Amino acid sequence: MPPNDYYATLGVPRDATAEEIKRAYRRLARELHPDVNPDAAAQQRFRAVSTAYEVLSDPAKREVVDLGGDPLAPRGGGGPGASFPMGFQDIMDAFFGGGSAGGGRGRSPRSRRRPGADALIRLDLDLADAAFGVSRELTVDTAVTCTQCRGAGTTAGTEPVSCMSCGGQGEVQSVQRSFLGQVMTSRPCSACGGFGTVIQHPCAGCGGDGRVRSRRTITVKVPAGVEDGMRIRLTGQGEVGPGGGLPGDLYVEVHERPHEVFTREGDDLHCEVTLPMTAAALGTSTTLSTLDGEEQLDLSAGVQSGTVITLRARGVPHLRAATRGDLHVHVNVATPTRLDAEQEALLRKLATLRDEERPDAAVRSNGLFSRLWSSR
């Protein structure tokens with residue numbers, strides 16, 4: 001990957017914060033992860049995104065990128081890495097004679113064993129499972145330690161050998177003449193990639209990387225009260241790092257499916273009950289299905305459309321707490337749209353008894369309409 005392309009890969013500006021970089025990676029991982037998008041091109045891009053996050057989430061590697069270099073590319077005196085910038089220690093060595101005459105270095109070779117990246121997977125849940133908690137088995141596709149070489153990257157019975165180009169230091173030095181005199185600079189060795197050793201017989205299983213991709217099944221316990229968009233962190237269940245490095249974490253992102261009856265606001269639930277006009281006028285009882293089962297809901301005579309009846313502690317349990325939210329029942333009164341002759345006659349008789357024959361009687365008040373009516 002060319003220098004400075006890691007920002008473009010994640011789609012973030014160069015001055016992005018660590019949190020912005022993490023959010024960008026998680027967003028792309030949700031879209032490109034092999035469990036979600038099996039397309040070959042998407043998997044290739046997912047690997048590029050994971051590599052970019054691995055680099056930019058490491059302050060030391062990000063500093064190299066910001067200085068115009070690529071911390072993962074092989075470099076040498078005449079190769080593509082020749083433009084690798086001098087770090088602070090290189091500058092100090094150059095001007096003040098750092099390093100020994102025998103070629104000693106102030107820093108150690110890079111380790112082949114590096115931490116792995118975090119992984120993200122989506123979990124769809126029904127409202128009841130999110131409310132009361134559930135255990136689910138998930139199939140994940142992540143990098144795991146190669147079983148053939150156990151992360152070493154070498155064929156059985158062999159070991160990495162010291163690099164002949166840098167003498168095992170991981171760096172090569174060059175001396176240039178400048179107006180200050182002779183300036184000595186250090187660059188990562190292109191022959192070994194800065195590791196100080198070379199794998200002459202790479203493992204057939206992983207090609208020397210120390211890790212392979214594998215599908216595995218894990219069990220995740222979802223606590224009661226989780227909400228849509230929350231993430232459950234499974235420590236050490238993410239991507240194993242190069243060289244069999246410590247794995248990152250796996251984040252399980254909860255997505256709550258819409259419910260056919262209830263809508264959720266935090267830990268409270270809302271639902272609607274529609275009553276015929278006669279039932280609302282006379283009062284009635286109805287059976288209401290809740291998360292805890294069926295309950296009888298008593299509605300007093302004359303209940304109005306828009307009335308909200310609250311059932312305490314019938315909502316979703318609070319996350320990691322013993323209390324629960326409430327269930328709010330919103331009452332709708334349905335006006336009949338089709339009446340036969342007998343029904344219409346009965347309603348007209350009722351309207352006469354209640355002095356409600358005139359449709360404008362309901363809008364009379366002490367306000368504007370009342371003044372307009374009295375001025376006729």
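Where is the place of Gln44? Gln44 belongs to helix α3, and helices here are DSSP runs of H or I of at least four residues, as strands are runs of E of at least two, both numbered from the N terminus.

## Basis of the model

This is a predicted model, in which local features need pLDDT of at least 70 and side-chain atom pairs count only at pLDDT 80 or more, while totals for chains, interfaces and linings use all residues. Residues are numbered from 1 along each chain as its sequence is written, and side-chain values use heavy atoms, with hydrogens and water left out.

## The chain as a whole

The protein chain contains 9 helices and 15 strands. Of its 376 residues, 36% are buried; buried means under 20% relative accessible area, exposed over 50%, and partly exposed in between, with a 1.4 Å probe and protein chains only. The accessible surface amounts to about 21700 Å², and carbon and sulfur atoms hold 52% of this area (Shrake-Rupley method, 1.4 Å probe; for residues, only the protein chains shown count as cover).

Among contacts in the protein chain with a separation of 6 or more, 64% are between residues 24 or more positions apart. A contact means heavy atoms within 4.5 Å.

## Helix α3

Helix α3 covers residues 40-56, 17 residues in total, and spans 25 Å from its first C-alpha to its last, close to the 24 Å expected at 1.5 Å a residue. The expected span is 1.5 Å times one less than the number of residues.

The buried residues of α3 include Ala42, Phe46, Val49 and Tyr53. Their cover includes α1 (6-10), α2 (18-32), α4 (59-66) and β7 (211-222). Gln44, by contrast, is exposed, with a relative accessible area of 54%.

## Thr142 in strand β2

Thr142 is part of strand β2, residues 134-145. Its relative accessibility is 0%, so Thr142 counts as buried. The side chains of Thr142 and Arg216 form a polar contact of 3.2 Å. Such a contact is a pair of N or O atoms within 3.5 Å; within protein, one must be able to donate a hydrogen and the other to accept it, and residues adjacent in sequence count only if both atoms are side-chain atoms.

Beyond its neighbours within four places in sequence, Thr142 is in contact with residues including Ala119, Val212, Ser214, Arg216 and Gln237.

## The second largest pocket

The second largest pocket holds about 560 Å³ of space. A pocket is an open set of points on a 1 Å grid over the protein atoms alone, where a 1.4 Å probe fits, with protein on both sides within 12 Å along at least five of seven lines; lining residues have an atom within 4 Å of a point. The lining comprises 19 residues, and Met277, Thr278, Ala281, Leu347 and Leu350 lie nearest the centre. Elements giving two or more residues to this lining are α7 (277-282), β15 (327-334) and α8 (341-353). The most comes from α7, with 5 residues.

## Positive phi in two loops

Most residues other than glycine have a negative phi. Arg150, in the loop between β2 and β3 (161-162), has a positive phi near 55°. Arg150 is exposed, at 74% relative accessibility. Ala313, in the loop between β14 (308-311) and β15, has a positive phi of about 60°. Ala313 is partly exposed, at 33% relative accessibility.

Methods:
Points joined across faces, edges and corners; volume = space filled by probe spheres on them.
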